[in-house]
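Here is a short note for a colleague who is opening this structure for the first time. Please read the points below with the model in view.

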Amino acid sequence: MKRCSFRLLTGLFIVLLMAQCAKVPITGRSQLSLIPNKDVLPMSFEQYEEVKKTNEVITSGEQAEMVKRAGTRIQKGVEKYFAEQGQSGYLNDYEWEYILIKDDETVNAWCMPGGKVAFYTAILPICKDETGLAVVMGHEIAHAIANHGRERISHTLAVQTGLSLATIALGGAGASLTGDMVLQGAGAASNLGILKFSRKHESEADELGLYFMAMAGYDPQQAPAFWERMSAQSGGKAPPEFMSTHPSHSTRISDLQQNMPKALEYYRQAQ
């Protein structure tokens with residue numbers, strides 16, 4: 001009887017997961033989506049405000065303006081694309097913001113779910129110029145557009161729920177989902193509350209980021225050169241935090257070149 005109940009609950013759980021799927025724009029990849037952005041984004045925005053309070057944010061000057069300008073340009077390019085596809089509503093809950101944090105040791109940039117972006121000053125020399133910065137900005141905005149954060153949380157919840165179903169089927173009390181589980185799945189327990197994405201997510205962000213910078217009128221052909229500079233920055237040691245879960249250098253360059261024709265189409269349309 002217990003085995004039958006277990007199979008039934010497992011089957012129902014699989015059906016539920018299959019029903020709770022979304023598609024990533026442009027790539028069309030199916031992704032798990034157990035919770036709506038209306039539950040994820042408020043936590044994300046709260047985390048972002050905490051980061052701003054506990055770090056030195058540069059609010060003026062050439063570098064800060066360049067971060068804001070590149071972010072706004074790519075945001076507008078993405079919004080224009082979604083409008084042309086009749087999908088403007090997809091971005092309704094996004095609250096875009098771009099900050100520069102004074103930190104000359106941390107080579108990093110990140111984007112919280114919902115469009116909250118942060119750059120560290122240490123990554124700017126590797127960006128070299130605004131186009132190089134746009135490569136990174138496009139990649140980070142891609143994480144937000146693809147809802148990689150929500151997907152990560154959903155996988156965490158799926159594991160927790162699956163374990164609960166198994167416990168119930170075997171006669172246990174089961175575990176209940178709590179807000180703490182959601183916060184943990186979102187990375188809220190870490191220092192900055194930032195997700196460490198999988199290699200699959202990073203490759204997808206590379207592809208979408210290439211398209212997004214092109215939509216904004218930045219030359220996508222400059223993207224491989226940036227990643228070469230980023231690779232060289234490690235000096236043969238462990239990669240910077242920004243690249244810790246990224247594909248290998250050769251794989252990244254190969255993938256960028258493979259996606260370049262499509263990116264150049266977006267670039268020509270933006271001229």
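1. Contact here means heavy atoms within 4.5 Å. In this predicted model, and leaving aside neighbours within four places in sequence, Phe119 is in contact with Val67, Ile99, Leu100, Ile101, Asn108, Ala109, Leu124, Leu133, Val136 and Met137.

2. Turning to the aromatic rings, a search of the whole structure finds eight pairs. In one of them the ring centres of Tyr48 and Trp110 are 6.0 Å apart and the planes stand at 85°, so the pair is edge-to-face. Because Tyr48 lies in helix α2 (residues 37-54) and Trp110 in strand β5 (residues 109-112), the pair ties together parts that are 62 residues apart in sequence. Tyr48 is buried, with a relative accessible area of 0%, and Trp110 is buried too, at 3%.

3. The rings of Phe226 and Trp227 have centres 4.9 Å apart and planes at 75°, so this pair is likewise edge-to-face, and both residues are buried. Elsewhere, one aromatic cluster is formed by Tyr81, Phe82, Tyr90, Tyr211 and Tyr266.

4. Charged side chains also meet rings: Arg73 lies over the face of Tyr218, at 3.8 Å from the ring centre, while the charged end of Lys116 sits over the ring of Phe45, 5.0 Å from its centre.

Conventions
Residues are numbered from 1 along each chain as its sequence is written. This is a predicted model: local features need pLDDT of at least 70, side-chain atom pairs count only at pLDDT 80 or more; totals for chains, interfaces and linings use all residues. Side-chain values use heavy atoms; hydrogens and water are left out. Rings of Phe, Tyr and Trp (its six-membered ring) pair if their centres lie within 6.5 Å; planes under 30 degrees apart count as stacked, over 60 as edge-to-face and the rest as tilted. Helices (H or I, at least four residues) and strands (E, at least two) are DSSP runs, numbered from the N terminus. Buried means under 20% relative accessible area, exposed over 50%, partly exposed in between (1.4 Å probe, protein chains only). A charge sits over a ring if NZ of Lys or CZ of Arg is within 6 Å of the ring centre and within 35 degrees of the ring normal.
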